[in-house]
Amino acid sequence: MRFITVDSYEKLSTKAANIIAAQVISKPNSILGLATGSSPLGTYAKLVEYYKSGELDFSEATSVNLDEYVGLTGENDQSYRYFMNTNFFQHINIPIERTAVPNGCVADLKAEGERYDKHIQDLGGIDIQLLGIGFDGHIGFNEPDEVFIKETHEVDLDASTIEANARFFASEEEVPRKAITMGMGAIMNAKKVLLIANGKGKKDIIEKSFFGPITPKVPASILQLHPDLTVIYSEN
Ligand code: F6R
């Protein structure tokens, strides 16, 4: 594990973007595993900047996102599909048909999970997976549990996750209670994993995840077993 500490969100975002840029430059047809939330916004902004200045080309890239709320269509401005389109995909030249986000609006979420895992497998797996981390240690929406779940699956969001994500909605009641998330299998199979976290509030869970015991009660702790993990943390 490479654990990198920086002193600003700006530096964190630049470093993360540079790692992703290096991946795309060295392998233009990379499979990029992407995340939503506040943490990667600066990284996406930097990558858009690199694209606009002609330094990066996403025309051969493919992406797979980690998760989606159950019940929100891609047109809903709180959905993760909408987030990705507006914060990243619309500003770069990745072909939109090669961007995938799990579909949280299907009746059979189990079948959707199987379809999503097969899609990732058919792509040959993920080259680099970008992750944020929840205050409870979740990655994707793999919440603390008795076991690590391998497949893409439906989850009940934890109260702390609902509370944390309420900032994006008009009220806490509007936050969906369920989501569909990539499981630990696809994440751990990614060739590289890049986890970013910022803020003093994440210090404790970063400590527990990367310097404590490996347990499904702290889902991100499984990443300690990944052969190519980079964590970038900024307290500010
Ligand atoms: C988002 C995701 C989540 C977030 C985590 C941190 O696709 O999978 O695990 O990365 O909730 O969210 P932020 O970055 O908003 O603190």
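In this predicted model, the ligand sits in the largest pocket. A pocket is an open set of points on a 1 Å grid over the protein atoms alone, with protein on both sides within 12 Å along at least five of seven lines, and a molecule sits in one if more than half of its atoms lie within 2 Å of its grid points.

Around the ligand there are 14 residues, of which Thr36, Ser39, Asp67, His138 and Gly140 come nearest; a residue counts as near if one of its heavy atoms lies within 4 Å. This shell divides into 3 nonpolar, 8 polar and 3 charged residues, with Gly counted as polar.

For His138, an N or O atom of the side chain is 2.7 Å from a ligand oxygen. A polar contact here is a pair of N or O atoms within 3.5 Å. The protein covers 94% of the 410 Å² of accessible area that the ligand has on its own (Shrake-Rupley method, 1.4 Å probe).

Turning to the fold, the protein chain has 7 helices and 10 strands, taken as DSSP runs (H or I, at least four residues, for helices; E, at least two, for strands). Its radius of gyration over C-alpha atoms is 16 Å, close to the 18 Å of the globule rule for 236 residues, so the chain is as compact as a globular protein of that length; the rule is 2.2 Å times the number of residues to the power 0.38.

Residues are numbered from 1 along each chain as its sequence is written, and side-chain values use heavy atoms, without hydrogens or water. Local features need pLDDT of at least 70 and side-chain atom pairs pLDDT 80 or more, while totals for chains, interfaces and linings use all residues.

Methods:
A polar contact is a pair of N or O atoms within 3.5 Å; within protein, one must be able to donate a hydrogen and the other to accept it, and residues adjacent in sequence count only if both atoms are side-chain atoms. On a 1 Å grid over the protein atoms alone, a cavity is a set of points where a 1.4 Å probe fits but cannot get out, and a pocket is an open set with protein on both sides within 12 Å along at least five of seven lines; lining residues have an atom within 4 Å of a point.
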